[in-house]
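Visitor: I'm new to this structure and would like a close look at one part of it. Could you walk me through a pair of neighbouring strands and what surrounds them?

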Amino acid sequence: VRLFNPPYQINLQKAKDGDYPIIDLQVIDAIKYPPSPPTCVYVSDPTHVDNKLRRKLFRFRVQFIYENSEETAWSLWSNLALPSQSEFISGNNWPDSSADNRLDVTFDTGPNVVKKINLAVQIYSENTGGAETEFGLFFQLDKSDPNVVISDNSTYTYQFFGNVSTKPISNASKNYDRLPL
């Protein structure tokens with residue numbers, strides 16, 4: 001039961017054409033639902049010999065882009081995963097050089113009205129001196145890409161090896177959507 005009458009929107013042509021399998025509040029609400037925070041775990045991948053994750057810690061955020069190019073607020077932060085293997089001060093794991101060389105970042109794919117998903121990372125390293133760095137966008141998942149099979153309302157796991165370049169994200173501190181009155 002809602003105590004107020006929020007704004008709604010729907011693409012009438014898509015509704016008439018049957019493009020919405022289910023028409024629920026997430027489809028018609030003008031304020032788009034933000035995604036749940038992703039989770040991440042360290043994995044040792046013997047097929048990948050390089051380790052760009054050493055001496056760093058990572059957190060991730062997810063953002064949905066809906067069918068009319070509407071961007072949600074960014075999700076809350078992921079957990080701060082810790083390596084399962086001990087690291088020496090030098091950042092080396094002895095004797096296994098491929099230990100904890102990948103982070104599996106798992107997030108929800110959202111309903112059918114979500115068309116793209118942005119993934120951002122925050123990197124803590126010895127260069128930051130413990131200071132909190134800004135999140136940077138490094139990956140966009142397009143659910144309509146024919147080379148990637150992504151079903152709606154499921155989870156997707158991105159394999160993060162740390163070899164990414166990022167660009168600053170806008171509205172990173174916005175934790176909810178706002179509509180002008």
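Guide: Let's begin with β4 and β5, which run antiparallel and are joined by six bridges. Please keep in mind that this is a predicted model. Within the pair, Val121 faces Gly136 of β5 across the strands.

Now step back to the sheet around them. Four strands form an open sheet in the order β2-β4-β5-β7, and their pairing is antiparallel. The edges are held by β2 and β7 (167-168); each has a single partner strand, so one side of each has no neighbour in the sheet.

The side chains come next. The largest nonpolar core contains 24 residues, and Phe58, Phe60, Leu103, Phe107, Leu119 and Phe160 are those with the most contacts inside it. Among the elements that give two or more residues to this core are β4 (114-125) and β5 (136-142), along with β2 (56-66) and β3 (102-108). The largest share, five residues, comes from β2.

Setting aside neighbours within four places in sequence, Leu119 is in contact with residues including Phe60, Val62, Trp74, Val105 and Phe107. Gly136, Leu137, Phe138 and Phe139 are also among the contacts of Leu119, and Gly136 is the residue that stands opposite Val121.

Ile23 sits in the loop between α1 (12-17) and α2 (25-28), and Ile23 counts as partly exposed because its relative accessibility is 47%.

Notes. Residues numbered from 1 in each chain as written. Predicted model: local features only at pLDDT ≥ 70, side-chain atom pairs only at ≥ 80, totals over all residues. Heavy atoms only, no water. Buried < 20%, exposed > 50% of the residue type's maximum accessible area, 1.4 Å probe, protein only. Core = buried A, V, L, I, M, F, W, Y, C linked by side-chain atoms within 4.5 Å. Contact = heavy atoms within 4.5 Å. Pairing = 2+ DSSP bridges.
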